[in-house]
Amino acid sequence: MRALTYHGAHSVKVDTVPDPVIEDSDDIILRVTATAICGSDLHLYRGKIPTVEHGDIFGHEFMGIVEETGSAVTAVQPGDRVVIPFVIACGSCFFCQMDLFAACEKTNTGRGAILNKKAIPSGAALFGFSHMYGGIPGGQAEYVRVPKANTGPFKVPGTLSDEKVLFLSDILPTAFQAVTNTGIGNGSSIAIYGAGPVGLLSAACARMLGAEQIFMVDHHPYRLAYAQKTYGVIPINFDEDADPADTIVRQTKGMRGVDGVVDAVGFEAKGSTTETVLATLKLEGSSGKALRQCIAAVRRGGVVSVPGVYSGFIHGFLFGDAFDKGLTFRMGQTHVQRYLPELLEHIEMGRLSPEVIISHRLSLEQAAEGYRMFDKKEDDCRKVILTPDDNRIALPESDDTAAVLAT
């Protein structure tokens, strides 16, 4: 089969690799009909994630048709159309029983990213995301072996296009968890740092949940303009505003700050020269710039929600400010399976239209170009989807045709 494989930092290509086969009785083989390039994939692409090996297959946002099932699979059968959560969960361990699927302690044979590990088991394995997370081949391929198929694959109706449901695999539940973690509701205010795919869908979820003010901070004008037009956000370009948090606070009631804030940037946030040097010397693992801004922008007693990936040490965390303001932090990988039925209903009822953020539709054979374009933010690239059975380039839809969600 054909699959997108890693060949070093900023070097990926589509190769012919062996077809996957059933290895365990609860596996399925999936024929991929649609997959996507995620912002988290760029961490791998840039060589920022350890234990990525040459030949590893990337991709953790995908869906398709069940081709073959193991003898113990009862939840799906050949011919079923399913979305695959990027989190691989067993469904029966201590954490899965609490719907904390990303903490599953049975699926990851890697060590995970935690530094102060002690004897704690690793969290769940993830598709296509390094050998720290199990080394499971990803979905930017024609076929995928899907382990734990009685817990992961989620059936979707044939009445909905792939584009409408594909993002149930990761970025839509990630955005939904991030926003619901803040506890916002009707009349609330929220700030979202990062206008990438998760940030954009966080704005969509916040608008659906009744947020009155949505601030969005980024430094790509085309992404901010799109978010303003589509979701009615208040855009702030940090290349033009030295202190977005101050600007946000001054526009909130009583200058108290927003009720909740989402850090959809993570460890590759554009930080100071000091942070760049510290990261280069391996003295810190992540830039703390976005997180410091989040702490500054949120009101006392508010919530900082972090879907953006962080690792290792962070310079200048401002823990004292967080203590003084009585903040709550909620963060971590997404418990995808927990949210799928509710999110599918929102899509079916038209309350969410995640597909409007798609800007580029390419074939799997063009995946390397898709990575380069997404990484360089060329051609106003917001989100790239790939189709294994299509060798044609589809022109991106005009922003004029994008659906604007009702406020």
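Two strands pair if DSSP finds at least two bridges between them. Helices (H or I, at least four residues) and strands (E, at least two) are DSSP runs, numbered from the N terminus. This is a predicted model: local features need pLDDT of at least 70, side-chain atom pairs count only at pLDDT 80 or more, and totals for chains, interfaces and linings use all residues. Residues are numbered from 1 along each chain as its sequence is written, and side-chain values use heavy atoms, leaving out hydrogens and water.

- Six strands form an open sheet, with parallel pairing and the order 12-11-10-13-14-15.
- Strand 12 (234-237) and strand 15 (328-331) are at the edges; each has a single partner strand, so one side of each lacks a neighbour in the sheet.
- From one strand to the next, the twist averages 20°.

- Strand 14 (residues 298-306) pairs with strand 15 in the parallel sense, over 4 bridges.
- Ser305 has Arg330, in strand 15, as its bridge partner.

**Helices on the sheet**
- Helix 3 (residues 171-182) packs on the sheet and touches strand 10 (189-193), strand 13 (258-263), strand 14 and strand 15. Contact means heavy atoms within 4.5 Å.
- The direction of helix 3 makes about 160° with that of strand 14. Axes are lines fitted to C-alpha atoms, for helices over the stretch in contact, and angles run from 0 to 180 degrees between N-to-C directions.
- Helix 8 (residues 289-297) lies across strands 10, 13, 14 and 15, at about 150° to strand 14.

**Asp24**
- Asp24 sits in the loop between strand 2 (12-16) and strand 3 (28-37).
- The C-alpha atoms of Asp24 and Glu67 are 15 Å apart.
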